[in-house]
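Welcome! Take a moment to look it over, then follow the points below.

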Amino acid sequence: MKTADLVQDYLRAVEREASALPAERRQELLADLAEHIEVTRAERPGTAVGVVLAELGDPRTIAATALAEAGHGNAWVPARGDGAPSARPGRVHPLVPLLMLTLAGPFGLVFPDQPGPLFSFLFRVVGAVLLCTSVHWRAVQKTTGVLLTAVLPTVVITTWNLSSGVLEEDSAPALVPNLVISALIAAACTWLWRIRRA
């Protein structure tokens, strides 16, 4: 049997066993499982898919756990191979990382002297970390978001500053590249907001 078929059969079994869950919760559970399987297989490429599925546990057990936790607002948390439950990333409102990433650039422009650039950098880093650990986006969406809102703007502004001598004491940061980067970040954050999972 093909790897994709094994995974699909496993997910269908979990979906069948968890049919008593609300549809949204059930879809979140299946998405979490699929992402966990994908990440585990990427981290351990030599491991057979059957071993990964066995480590996750029986679909009935997963469904029963999800049903028991549904009343408490907790989602299913995949178990680690050592038997200890792994921590699920905290649930931060999706607006928090997006606001931090969006405001990082303008904050550095409004306060060009210290501590403006430092806080701008910290906003960008914390926003990127919160985005990466959020449950509201899939892995590829998180990667794209971090590249567009944190990595690319930092590289462009640093390159611009170094190539145009903005680091000299008499110079002021260039307005046009900062506005373009701010527009890019705002567009990327708007896109992330629209595609977020509830």
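**A first look**

Leu152 lies in helix H7. Please keep in mind that this is a predicted model. The protein chain has eight helices and zero strands, so its pattern along the sequence reads α-α-α-α-α-α-α-α. Of its 198 residues, 34% count as buried.

- Leu152 is partly exposed, because its relative accessibility is 36%.
- Leu152 and Ile185 sit 33 residues apart in sequence, and their C-alpha atoms are 9.4 Å apart in space.
- Thr149 also has its place in helix H7, which covers residues 139-164.
- Thr149 has a relative accessible area of 0%, so this residue is buried.
- The side chain of Thr149 reaches the backbone oxygen of Gly145 at a distance of 2.5 Å.
- Lys142 is another residue found in helix H7.
- With a relative accessible area of 10%, Lys142 counts as buried; the cut-off for that word is under 20%.
- Between the C-alpha atoms of Lys142 and Leu192 there are 8.5 Å, although the two residues are 50 residues apart along the chain.

**The nonpolar cores**

- The largest nonpolar core has 17 residues, and those touching the most other members are Tyr10, Val14, Leu29, Leu33, Ile37, Leu56 and Ile62.
- Helices H1, H2, H3 and H4 each supply at least two residues of this core.
- There is also a second, separate core of twelve residues, with Leu101, Val146, Ile157 and Ile185 among them.

**The salt bridges**

How many salt bridges does the structure hold? There are three, and here is each pair in turn.

- Arg12 and Asp9 form a salt bridge in which the closest N and O atoms are 2.7 Å apart.
- Arg12 and Asp9 are three residues apart in helix H1 (residues 3-17), so about one helical turn separates them.
- Arg12 is partly exposed because its relative accessibility is 44%, and Asp9 is partly exposed at 33%.
- Arg60 and Glu17 meet through their side chains in a salt bridge, at 3.7 Å from N to O.
- This pair links distant parts of the chain, as Arg60 is in helix H4 (residues 59-70) and Glu17 is in helix H1, 43 residues apart.
- Arg60 has 57% relative accessibility and therefore counts as exposed, whereas Glu17 is partly exposed, with a relative accessible area of 33%.
- Arg44 forms a salt bridge with Glu55, and the closest N and O atoms of the pair are 2.8 Å apart.
- Here too the pair links distant parts of the chain: Arg44 belongs to the loop between helix H2 (23-43) and helix H3 (49-56), while Glu55 is in helix H3, eleven residues apart.
- Arg44 is partly exposed, having a relative accessible area of 31%, and Glu55 counts as partly exposed at 34% relative accessibility.

- Leu118, Phe119, Phe121, Leu122, Val125 and Val129 make a nonpolar surface patch of about 520 Å².
- One of these residues, Phe121, is found in helix H6 (residues 116-133).
- Is Phe121 buried or exposed? Its relative accessibility is 51%, so Phe121 counts as exposed; the cut-off for exposed is over 50%.

**The cysteines**

- A disulfide is a covalent bond between the sulfur atoms of two cysteines.
- How many disulfides does a search of the whole structure find? The search finds zero.
- Cys132 has a relative accessible area of 42%, so this cysteine is partly exposed.
- Cys189, in contrast, is buried, because its relative accessible area is 5%.

Definitions and conventions. Residues are numbered from 1 along each chain as its sequence is written. This is a predicted model: local features need pLDDT of at least 70, side-chain atom pairs count only at pLDDT 80 or more; totals for chains, interfaces and linings use all residues. Side-chain values use heavy atoms; hydrogens and water are left out. Patches are made of residues with over 30% relative accessible area and no salt bridge: like charges are joined within 9 Å, nonpolar side chains (Val, Leu, Ile, Met, Phe, Trp, Tyr) within 5 Å. Accessible areas come from the Shrake-Rupley method with a 1.4 Å probe; for residues, only the protein chains shown count as cover. A salt bridge is a side-chain nitrogen of Lys or Arg within 4 Å of a carboxyl oxygen of Asp or Glu. Helices (H or I, at least four residues) and strands (E, at least two) are DSSP runs, numbered from the N terminus. Buried means under 20% relative accessible area, exposed over 50%, partly exposed in between (1.4 Å probe, protein chains only). A disulfide is a pair of cysteine sulfur atoms within 2.5 Å. A nonpolar core is a set of buried Ala, Val, Leu, Ile, Met, Phe, Trp, Tyr and Cys residues joined through side-chain atoms within 4.5 Å. A polar contact is a pair of N or O atoms within 3.5 Å; within protein, one must be able to donate a hydrogen and the other to accept it, and residues adjacent in sequence count only if both atoms are side-chain atoms.
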